[in-house]
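The following report is meant for someone meeting this structure for the first time. Please look over the sequence and the model before reading on.

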Amino acid sequence: MRISRLTDWLESHWINPAYSGGLLAGMGIFFFLAATNSMSGWLYVMSGVVLALLAIAAILSRRTLSRLSITRRPIQPVSVGENLTIELFIQNPTRQRKTLIQATDFIPSVFGKPVEKVVELIHPTTPYYWVYQHRAEQRGIYRWHEVQLRTAAPLGLFWYRKTFRADAIAVIYPQVLPLSRCPLIDQIGQEMSLQMQSQRAQNSTQGITRSLRPYRWGDPMRMIHWRSSARYGELRVRELEILTSGQEIVIALDSAATWDREAFEQAVTTAASLYFYGERQTLSIRVWTAESGAIRGRQLVLETLAEIQPHQEVTSDRLPEGTIVWLTQNSSSLNTLPSGSRWVLWGQGQTTANLGIRVEQERSLQAQLQDSV
């Protein structure tokens, strides 16, 4: 262990002899000792040549990585199951060619082992383009910062390593299931449509005037209520009732609770899939979590769900008004939901609430979300 630490320190701070370099250094020392004992001039010459060769190899190894720089292009966000594309540029502003360099990108351990690349040649004043892809297996926001270059060129006698800072941020969104239908959301949409029609019918029979107010410059003449104007002695204008259903769908993820890892990942996938399905159906829909509260917008929803974890700190414990679709592993929480709420439940447990889906691990999540409620 101590030897490994010593060689690692030498390689990163000075130079570390390769096997061939150590062997050649031993031969040089042997020739020098033999020359001092025998007073042979040719042995002095051989030892001097060997030591001079070692010195040149050490200087050239360090010079190979001198003045190089590394930049990284921004990594485009992807969803689980897609490939991250990572692009780096190794800049060589010198007039000398750089050869035989080993590059290592220290990606997060959750991705696997660091990615290595052998760079055979970097031309003068021309950047070397290194691009590779990595499959996104797990959602999240990942950051890493280091790229290392290592070389023993040109003679292979001494290793030298240099660390460069190249910040990277990879955003992996949760998977969005391509739902062709979702009765859980479709039924809510139908109820909202019926409520709107009922409200319109009621207003059509009772009139749509909400109140009267004094006339202001720019008000249309057709909105003047002449009978009231005659009674008050000044122009009065009708204010009309705005017809809205007053309803929206809230996909609420019980992120403050305790979850099994696999169940929580499915719940995040469900939240993203239901939100995008509701948007395609042109419904008023939001996503709620214990930390972020109610949010709307594709980019914001995806980024929030990318980094969400269970046991979140509760900063928004009150559910917003609307029809709740509650995603949870705690069956007892279903009995506290507002009337008309829906739910998706992972795990076992008794509940008196209806209008929900109990997820079965043996079946595809996509198929279950498309089942009738």
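Ala252 stands opposite Trp288 in β13, and the two strands concerned, β12 and β13 (residues 285-289), pair in the parallel sense over 4 bridges, where pairing requires that DSSP finds at least two bridges between two strands. The model is predicted, so local features need pLDDT of at least 70 and side-chain atom pairs count only at pLDDT 80 or more, while totals for chains, interfaces and linings use all residues. Residues are numbered from 1 along each chain as its sequence is written, and side-chain values use heavy atoms, with hydrogens and water left out.

Helices (H or I, at least four residues) and strands (E, at least two) are DSSP runs, numbered from the N terminus. Strand β12 also has a partner in strand β15 (residues 323-328), to which 5 bridges join it in a parallel arrangement, and in β15 the bridge partner of Ala252 is Trp326.

Strand β12 (residues 249-253) is mostly covered, with 5 of its 5 residues buried, which means under 20% relative accessible area, whereas exposed means over 50% and partly exposed lies in between (1.4 Å probe, protein chains only). Ile249, Ile251 and Leu253 point one way from β12, while Val250 and Ala252 point the other way.

Helix α6 (residues 261-280) has 20 residues and reaches 29 Å from its first C-alpha to its last, close to the 28 Å expected at 1.5 Å a residue, the expected span being 1.5 Å times one less than the number of residues. This helix too is mostly covered, since 15 of the 20 residues in α6 are buried, and just after α6, Thr282 takes a positive phi of about 55°.

Turning to the aromatic side chains, the structure holds 10 aromatic pairs. Rings of Phe, Tyr and Trp (its six-membered ring) pair if their centres lie within 6.5 Å, and planes under 30 degrees apart count as stacked, over 60 as edge-to-face and the rest as tilted. Two of the pairs are set out below.

| Pair | Centre to centre | Between the planes | Class |
|---|---|---|---|
| Phe89 and Tyr129 | 5.1 Å | 35° | tilted |
| Trp288 and Trp326 | 6.2 Å | 40° | tilted |

Phe89 lies in strand β4 (residues 83-91) and Tyr129 in strand β7 (residues 128-135), so their pair ties together parts that are 40 residues apart in sequence. Phe89 is buried, with a relative accessible area of 17%, whereas Tyr129, at 38% relative accessibility, counts as partly exposed. Because Trp288 lies in strand β13 and Trp326 in strand β15, their pair ties together parts that are 38 residues apart in sequence, and both Trp288 and Trp326 are buried.

Elsewhere, Phe111, Tyr142 and Trp144 form one aromatic cluster. Arg150 lies over the face of Trp159, at 3.7 Å from the ring centre; a charge sits over a ring if NZ of Lys or CZ of Arg is within 6 Å of the ring centre and within 35 degrees of the ring normal.

Strand β4 also holds Gln91, which is partly exposed, with a relative accessible area of 29%. Gln91 and His123 are 32 residues apart in sequence and 9.1 Å apart in space, C-alpha to C-alpha.
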